[in-house]
Amino acid sequence: MKAIKTLLGCTAICAASAASAADLEVTHWWTSGGEAAAVSEFAKAFNEKTDHNWVDGAIAGSGGTARPIIISRILGGDPMGATQLNHGRQAEELIEAGLLLDLTDVAEAEGWKDIVNPSSLLDACTLDGRIYCAPVNIHSWQWMWLSHQAFADAGQPVPANWDEFVASAPALVEAGKVPLAMGQQPWQSAGAFGVMTIAIAGIDAWREVTVNKNADVAAGPEYAKVFEAAANAREMAADSNVQDWNQATNLVITGKAGAQIMGDWAQGEFQVAGQTAGEDYTCLPGLGVNQLLDTAGDAFYFPKQDDPAIEAAQKELAALLLSPDVQVAFNLKKGSLPIRGDIDLSAANDCMQKGLEILASGNILPSGDMNLSPDTQGQIEDLMVEFWNDPSYSAADAQERYAEIIADAD
Ligand code: GAL
């Protein structure tokens, strides 16, 4: 019955939009090699499987650059047809302001409540029982990527966890390598810090701080260990001298750096560079300490337009993004995990297979985007920029400021 309903649902949506073809401007910040290869799968599917036209609105830079541009366009009455944002709370003000298209009819016709896994991804799109976004992937920050070449040049075995990596740093420096690659954008050091908190402070302390906003734990001994490790990581990353995350990934790909703490969107860069997981690079989920993932990643939102043809095309795109073939084609290129469990990902590489196993095990955490408001996230990013760029900023002082931010977190 569901299949027929889905077919009928799509037929109804497809028929409505086939009435008049539309150009749909789609904004996103996927401009690296791997990201561009992945988003082109969305564009190809939309152009080939519908009567409409994908007008690509790529915004260079990171999410930190693109998000304010996207949000201000929507608030300012110059909406795009569709946009990428992250899972979580980034669009909650836009939804509350009634500026985003209600996709509940698409979700019901396509059976998203039965399809989307974990269901928390759909919950993050839902307000007052109505669904306002189409989740398209699961990315996890909880990864470290290690260059086999760099460790071979340094006469070191590839580390199996954070402590082994820290112990190998002097030999990497001796061999002229940057131990830890880190770009200069705020979200990169903030993201890496988040990964270190889980691996070094432990999940319970992380949950107390990130979910329960417990400032006492943030000021306590477990997080003191994290800030000490972050000061060490700051030293190991000091000579990275790159701006963008994918430039830091490239230092690992080319063997100039030992490792990078980065989300699994880095996979796309290794793939575009023709490198093979397990042969050219190793991926360590949870820094080799906790085999876990977080459910970061991306969802598409559709700003309301007063044009029925555009609205119909928006709904057809929303349905297409979650369809099985498109999910496989996009996620294999993006290095992310699909939002549905009923598709064949046997072509996924060793690292993606590790991710799929962890996802199936249920050892997953909500991402920081899900728990902390954009404002709190921004304050943490500001602190991390200061701390990472000023070697005189002590771990103790940074922890004190961090605890203050958590005390006021919303
Ligand atoms: C994240 C996004 C990923 C990835 C990354 C780097 O916010 O979820 O898809 O592209 O930014 O640009």
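**View 1. Strand 7 and its pairing partners.** Strand 7 and strand 10 (residues 281–285) run antiparallel and are joined by 5 bridges; strands here are DSSP runs of E with at least two residues, numbered from the N terminus, and two strands pair if DSSP finds at least two bridges between them. This is a predicted model, in which local features need pLDDT of at least 70, side-chain atom pairs count only at pLDDT 80 or more, and totals for chains, interfaces and linings use all residues. Residues are numbered from 1 along each chain as its sequence is written, and side-chain values use heavy atoms, with hydrogens and water left out. Ser-147 stands opposite Tyr-281 in strand 10. Strand 7 also pairs with strand 9 (residues 257–261), in the antiparallel sense, over 3 bridges. There, Leu-146 is opposite Ala-259.

**View 2. The two faces of strand 7.** In a regular strand the side chains alternate between the two faces of the sheet. Trp-143, Trp-145 and Ser-147 lie on one side of strand 7, Met-144 and Leu-146 on the other, and all are buried (under 20% relative accessible area, 1.4 Å probe, protein chains only). Because 5 of the 5 residues of strand 7 (residues 143–147) are buried, the strand is largely enclosed by the rest of the structure.

**View 3. Polar side-chain atoms at the ligand.** A polar side-chain atom of Asp-298 lies 2.6 Å from an oxygen atom of the ligand. For Trp-30 the corresponding distance to a ligand oxygen atom is 2.9 Å, and for an N or O atom in the side chain of Trp-29 it is 3.1 Å; a polar contact is a pair of N or O atoms within 3.5 Å.

Technical notes: A polar contact is a pair of N or O atoms within 3.5 Å; within protein, one must be able to donate a hydrogen and the other to accept it, and residues adjacent in sequence count only if both atoms are side-chain atoms. Buried means under 20% relative accessible area, exposed over 50%, partly exposed in between (1.4 Å probe, protein chains only). Helices (H or I, at least four residues) and strands (E, at least two) are DSSP runs, numbered from the N terminus.
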